[in-house]
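Biologist: I'd like to learn how to read charged contacts in a model. Could you walk me through them?

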Amino acid sequence: MTTDSLSTSLVVQPKRPDGRRRAPKVRWGSPGVYLIAIVLISICITPVLYIIIGGFRTNAQITVDPSGFPAPWEVANYGDVLASSEFWSAMVNSTIAAVGTTAGAVLLGLMASYVIARYDFGGRGVMYALFAAGLMFPITVAITPLYLLIRNLGLVNSLAGIILPQIAFALPTTIIILVPFLRAIPKELEEAAAIDGASRLGFFWRMVIPLSLPGVITVGILAFVGSWNGYMLPLFILSDPGLFTLPLGVQNFASQYSVDTARVLAYTSLSMLPALIFFSLFERRIVGGLTGAVKG
């Protein structure tokens, strides 16, 4: 080590009078960035907190002070909603629709992504572009022909009539995310598996799925949350209150108890709580999966 480099290292890491080295300075960035972040977070969280806290209030408290805190806290609103059979029926229907949509979107999307990413055939780029174009095709535009198709199939007023279209609309996002993961799997690994006697289908189940697990978890979470929050499709397909999902259950409950604002807020907060908790727990999985897709 030269004299110049030694003196530079001593300057970079000075010592305090007591002989201990000073801790490196942490750069916190611009205060304006933190201010903007706090404002945006407040805008996103405030409505959610208002709904949750509003469920602990009485109608009189909401009328006198709409933006105040409960005084005292009223737990009976949440108890009445949890004791309602309509709420649990809607919860079960939403769970079935979300799980069915997630399983179908992940399985079909993974198979289609495997073909697009690993096979060489004519029209592969066109197929990928077709799925990418599906991201720009909202369900609102297709709701009328979609309803006619479901009616011709005899799936009106059934959960299957919701699950199948939701799988179709979840496939573009699923394929766009999974294709880079599958392309990143080395060709040498597939050749080694073929030498060991593994077929392409065996390689798919034994190697492709475990290696693409971060992307699979990401698309599964996105499909689950999208199905859980779906409103337009169930509104057109379902007419039996016993088959209502939670978004329709909130609307039906609000129409029945339009004068009981506190109870409606309690029902709304309980309806969005499972998806909110689910999304919060797997937030890092979503970010990690999207990051891997971009790198791939």
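Biologist: Which residue forms a salt bridge with Asp120?

Modeller: First, the general idea: side chains of opposite charge can pair when their charged atoms come close. We call it a salt bridge if a side-chain nitrogen of Lys or Arg is within 4 Å of a carboxyl oxygen of Asp or Glu. Here Asp120 pairs with Arg124, with the closest N and O atoms 3.1 Å apart.

Biologist: Before we go on, what am I looking at?

Modeller: This is a predicted model, where local features need pLDDT of at least 70, side-chain atom pairs count only at pLDDT 80 or more, and totals for chains, interfaces and linings use all residues. Residues are numbered from 1 along each chain as its sequence is written, and side-chain values use heavy atoms, leaving out hydrogens and water.

Biologist: Is Asp120 buried or exposed?

Modeller: Buried means under 20% relative accessible area, exposed over 50%, and partly exposed in between (1.4 Å probe, protein chains only). Asp120 has 69%, so that residue is exposed, while Arg124 is partly exposed at 25%.

Biologist: How many salt bridges does the structure hold?

Modeller: Three. One of them joins Asp80 to Arg263, at 3.3 Å between the closest N and O atoms. That pair links distant parts of the chain, 183 residues apart: Asp80 sits in helix 4 (residues 76–82) and Arg263 in helix 14 (residues 261–281). Helices are DSSP runs (H or I, at least four residues), numbered from the N terminus.

Biologist: Which residue meets Arg263 at 3.2 Å, N to O?

Modeller: Asp260. Shared partners join Asp80, Asp260 and Arg263 into one salt-bridge network. Within it, Asp260 is buried at 14%, and Asp80 is partly exposed at 37%.

Note on methods
Helices (H or I, at least four residues) and strands (E, at least two) are DSSP runs, numbered from the N terminus.
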